[in-house]
Amino acid sequence: MITGEIKNKVDKIWETFWTGGITNPLTVIEQFTYLLFIKSLDEAETIKEKEAEVLGIPFEGIFPEDKQHLRWNRFKQLGSPEEMYRVVSDEVFPFIKNLHGKDDSAYSKYMGDAMFLIPTANMLAKIVEGIDNLPLDDRDVQGDLYEYLLSKLSTSGTNGQFRTPRHIIEMMVELMKPTPEDIIIDPAMGTAGFLVAASEYLRKNHNDMFLVQGLKEHYHNTMFYGNDMDRTMLRIGAMNMMLHGVDNPNIDYRDSLSEINKDKEKYTLVLANPPFKGSLDYEAVSNDLLKIAKTKKTELLFLSLFIRILKPGGRAAVIVPDGVLFGSSTAHKAIRKEIIDNHKLEAIISMPSGVFKPYAGVSTAVMIFTKTGAGGTDNVWFYDMKADGFSLDDKRSPIEENDIPDIIERFNNLEAEKERKRTEQSFFVPVEELRENDYDLSINKYKEIEYEEIEYEDPNKILERILKIEDEIVKGLKSLEELIK
């Protein structure tokens, strides 16, 4: 989480946009992001230059010799705000719009209609100075800063768009352990948080993949896929991926649930937190998704979609609202039955309702399953997450209690979980029991609560003690009365 000091700096920059006449939060985030991106490009270039110098190898960066004046550390030092404004609006912005020459790249597609909307030289000078004082060297800080910016969207949550907390995304990626061969998709990608976290996991744990030409090519061009219906989110997502070192992610403007989406058995890993407040008309939904569960609810339709787009053997870790786990409608039961009977349901991690605050207080769970097409569910692992390292109120302040390391450790060693009792925080439930309970997947259905026996004192003794106290009170009152007389 970003500190109060950084928040204050961001708020000050936000205020500059606001007082300068840019009051739409989405426009502010977009313009803010362009400038963050321009600064990050220069910082990344500087690091690569230094590395090349140390290694004594020639360096060819993204800024050609005749374009060095377009770098952040150059134009920020220009004498007058007017000169800086001319360079940024007439040269820097067109330069970043055309950064990826390929017309079919995600970056080119969504930067094509990007517009530089900062109206005055003085306003730009103030914003550049503010951004220059932000500590963006650390990728985590950069990610948290993005999250904080997005939290300012007044519309967040109205269309089921909850910002998935970064530590929850990272937990899910750690649980799934992406491999260099995976083909990863988030069909409701927002700002590409899951895809970025997966790319970072691979850089950290499989860095040797970049020494193999085929795997390196796969990483940059055919590993990451994301869909969304908001062009601004696609633009921010494309920039986010590029800043995290993925050259050409496959990011598309697409309604993942519609007939337009023809994807089938294409991906090996789904990581997603799809919208779960929406309700669609049947006409707007792809017919084959309605075959599994005829419903208008987006959270159920997305589960049907995940099953369809995964290759056999493909895995999914997705966030679902609690209603999916125990809903009693025909469609709710049908989707749970499909996953349990025809595929392999592996785990349900129940999360506390405060995880999505301040956007929403909805209770959710992480569902993990593998597409088999032939069943395979035997024992399903349940975990009752009570704390995620932050307070569960609107403030979400850091706290000591955090179950996430325990969840990752236990999931990686499920053999040791077999002996655990239902009174503990995690335990197995056999598939037969799930079937007997109408495929109910809510942890409270199976959790056992241990009641401690409390021994109370003999009522006669309690009464005797009360009478004694009462007697002392009466004596005290009499003494007080005599003093007053």
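At what angle do helix α8 (residues 166–176) and helix α9 (residues 193–205) pack, and how far apart are their axes? In this predicted model, the two helices pack at about 50°, and their axes are 9 Å apart. That angle makes α8 oblique to α9. As for handedness, α8 passes α9 in a right-handed crossing. On the α8 side, the residues involved are Ile169, Glu170, Met172, Val173 and Glu174, and they meet Gly193, Phe194, Ala197, Ala198 and Tyr201 in α9.

**The overall picture**

Let's zoom out for a moment. The protein chain has 485 residues, of which 51% count as buried. Its secondary structure comes to 18 helices and eleven strands. If you want a box for the C-alpha atoms, roughly 95 × 80 × 50 Å along the principal axes will do. Take the contacts between residues at least 6 apart in sequence: 72% of them join residues at least 24 apart.

Helix α1 covers residues 4–19, and helix α2 covers residues 25–55. These two pack at an angle of about 115°, with 11 Å between their axes. The range for roughly perpendicular is 65 to 115 degrees, and α1 and α2 are therefore put in that class. Here too the crossing is right-handed, with α1 passing α2. From α1, the contact uses Val10, Ile13, Trp14 and Phe17; from α2, it uses Pro25, Val28, Ile29, Gln31 and Phe32.

**Salt bridges**

How many salt bridges does a search of the whole structure find? The count is 30.

| Lys9 | Glu5 | 3.7 Å |

Lys9 and Glu5 both sit in α1, four residues apart, which is about one turn of the helix. Lys9 counts as partly exposed because its relative accessibility is 28%, while Glu5, at 54%, counts as exposed.

Arg86 has a relative accessibility of 35% and counts as partly exposed. Glu83 is partly exposed as well, with a relative accessible area of 33%.

**A buried charge without a partner**

Glu338 is worth a look if you care about charged side chains. Its place is in helix α15, which runs over residues 330–342. Glu338 is buried yet has no salt bridge.

**Two loop residues**

Finally, a couple of spots in loops. Gly79 is found in the loop between α3 (72–75) and α4. With a relative accessible area of 79%, Gly79 is exposed. Gly79 and Phe59 are 20 residues apart in sequence, and their C-alpha atoms are 29 Å apart in space.

Lys262 has its place in another loop, the one between β3 (250–253) and β4 (267–272). Its relative accessibility is 64%, so Lys262 counts as exposed. From Lys262 to Asp132, the separation is 130 residues in sequence and 44 Å in space, C-alpha to C-alpha.

Methods:
Residues are numbered from 1 along each chain as its sequence is written. This is a predicted model: local features need pLDDT of at least 70, side-chain atom pairs count only at pLDDT 80 or more; totals for chains, interfaces and linings use all residues. Side-chain values use heavy atoms; hydrogens and water are left out. Buried means under 20% relative accessible area, exposed over 50%, partly exposed in between (1.4 Å probe, protein chains only). Lys and Arg count as positive and Asp and Glu as negative; His and the chain ends are not counted. A salt bridge is a side-chain nitrogen of Lys or Arg within 4 Å of a carboxyl oxygen of Asp or Glu. Axes are lines fitted to C-alpha atoms, for helices over the stretch in contact, and angles run from 0 to 180 degrees between N-to-C directions. Angles under 35 degrees count as roughly parallel, over 145 as roughly antiparallel, 65 to 115 as roughly perpendicular and the rest as oblique. A crossing is left-handed if the near helix is turned anticlockwise from the far one by less than a right angle, and right-handed if clockwise. Contact means heavy atoms within 4.5 Å.
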